[in-house]
Amino acid sequence: MDLESELRAAMAEQVAGTAAPSSLVADVRRRHRRRTNRIRATVGVAAASVAALALVPTYQSFRATPAGDSATSRPTGGPAILEQPERRPASGLPASPSPEGRPEAGTTPKPSAHPKTGGADGGGDDRPGGPGATVKLPHWVTYLPGGLTAAGPCTVTGDPAHRTTTCKWGGTAGWVQIALVKAGGVGLADLAPGGVPRRTTVRGMPALTGDRPGSGRQVSWIAKPGTGVTVTAGGTAKEQLMRIAEGVRP
Amino acid sequence: MGRRDDESFVEFVAERGDALLRTASLMCGARQDAEDILQTALEKAYRHWGRLDADTDPEPYVRRILVNLVISRSRRWKVLREIHMERPPETPAHSGTHAVELRGTLMDELRRLGARQRAVLVLRFWEDLSEAETARVLGCSVGTVKSQASRGLARLRERLGANLAPLGS
């Protein structure tokens with residue numbers, strides 16, 4: 001007997017009593033169901049994760065502009081026309097204290113090293129003026145921090161081909177100025193702040209931000225072709241510059 | 001051209017389940033591993049069963065899945081299968097039941113071959129496939145099958161050594 005024949009005989013002897021279990025088909029089907037369920041669960045979890053990742057920024061962007069409706073629904077004869085902030089300043093001051101009552105009044109702000117999420121800033125000396133005439137918010141401004149009142153009616157300068165609308169607010173929370181430039185060939189470079197600007201985005205659109213002389217900070221972007229926006233803020237309002245910018249809908 | 005249905009899968013497993021399990025058992029060496037691998041192979045075939053042509057025999061397809069699974073699993077578990085012994089294993093002594101012991105030794109040596117070489121020997125000498133059919137199942141050339149079978153048999157002869165003397169080889 002040669003090796004091949006002996007190998008055949010050995011194999012036959014080895015598997016002589018081997019038979020597939022009667023539940024083989026059921027086991028295979030069960031295994032298949034388990035695999036299918038596992039894949040479905042994985043796909044479901046992945047889809048939920050993607051949905052969550054997509055929805056959270058959307059929800060945040062909605063939260064950033066709550067003042068549009070409330071500003072218009074508020075009684076026009078009330079003393080304050082500006083929306084109250086959702087988060088109060090870290091100092092916990094009342095909405096309209098006198099400047100003398102503020103513990104940090106008169107302090108010198110640090111414009112460049114100021115963290116965005118930091119506490120209240122001084123900035124009292126940056127205010128362009130005291131409370132002015134109470135006018136309604138322009139329809140394209142949907143959010144301003146509390147403690148601000150309009151410094152006056154919005155001013156319009158230039159000609160129809162290059163028109164600039166400027167609105168200013170001031171108060172205990174610092175000051176805010178929004179300039180809306182409507183011109184045919186306006187570009188981001190025309191609105192860029194002085195110094196070394198940094199790139200950022202406002203509602204997904206490319207923007208430039210930088211510090212202004214003094215303690216102000218500015219952000220500029222092209223909201224749509226032919227319409228540029230520059231938002232400048234000083235004092236405590238500077239911390240909410242990006243939120244104010246997100247609320248500008250020209 | 002018809003497609004295979006669920007009922008034909010049940011019939012196929014009932015008819016060919018034993019043969020496939022024996023092949024798996026010879027290629028794996030352990031019965032439990034063989035059952036597990038056969039279930040995995042059949043599950044893989046079951047996924048695409050509806051797409052198989054009803055007029056062709058599905059067994060070569062399933063056998064190919066089975067062989068590929070055994071080889072890939074063997075590669076993956078190669079490190080785990082290496083068992084270090086404190087002393088060398090005992091060498092079998094000659095006895096009156098020489099043929100029975102020789103077959104046992106032959107199977108032990110077959111298990112110690114590489115997965116691909118073992119698969120070639122099982123397909124050639126257990127399944128009685130031709131060299132061309134074996135090459136098709138393994139997805140390699142006929143020359144590779146010839147060389148793998150030749151080397152496998154040579155290694156068995158070398159390892160069995162003196163035990164093969166009664167075989168006249």
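The following paragraphs treat the cysteines and then the interface.

The model is predicted. A search of the whole structure, over all chains, returns one disulfide. Its partners are Cys154(A) and Cys167(A), with sulfur atoms 1.9 Å apart. Cys154(A) sits in the loop between β1 (148–150) and β2 (155–159) of chain A, whereas Cys167(A) belongs to strand β3 (residues 162–171) of chain A; the bond therefore ties together parts that are 13 residues apart in sequence. The torsion about the S-S bond is about 115°, so the disulfide of Cys154(A) and Cys167(A) is right-handed.

The two partners may also be described by accessibility. Cys154(A) has a relative accessibility of 34% and therefore counts as partly exposed. Cys167(A), with a relative accessible area of 1%, is buried. In chain B, Cys28(B) is likewise buried, at 11% relative accessible area.

The discussion now turns to the interface. Chain B contributes 39 residues to the contact and chain A contributes 26 residues. Together, chain B and chain A bury about 3200 Å², of which 65% is on carbon and sulfur atoms. Six salt bridges are counted between chain B and chain A. One of them joins Asp128(B) to Arg8(A), whose closest N and O atoms are 3.4 Å apart.

On the side of chain B that touches chain A, the elements giving two or more residues are α1 (6–28), α2 (31–47), α5 (98–112), α6 (115–125) and α8 (142–160) of chain B. The residues of this side comprise 22 nonpolar, four polar and 13 charged.

Conventions
Residues are numbered from 1 along each chain as its sequence is written. Chains are lettered from A and ligands numbered from 1 in the order in which they are written. This is a predicted model: local features need pLDDT of at least 70, side-chain atom pairs count only at pLDDT 80 or more; totals for chains, interfaces and linings use all residues. Side-chain values use heavy atoms; hydrogens and water are left out. A disulfide is a pair of cysteine sulfur atoms within 2.5 Å. Helices (H or I, at least four residues) and strands (E, at least two) are DSSP runs, numbered from the N terminus. Buried means under 20% relative accessible area, exposed over 50%, partly exposed in between (1.4 Å probe, protein chains only). Contact means heavy atoms within 4.5 Å. Buried area is the accessible area (1.4 Å probe) that two parts lose on being put together, summed over both. A salt bridge is a side-chain nitrogen of Lys or Arg within 4 Å of a carboxyl oxygen of Asp or Glu. Ala, Val, Leu, Ile, Met, Phe, Trp, Tyr, Cys and Pro count as nonpolar, Asp, Glu, Lys and Arg as charged, and the others, Gly among them, as polar.
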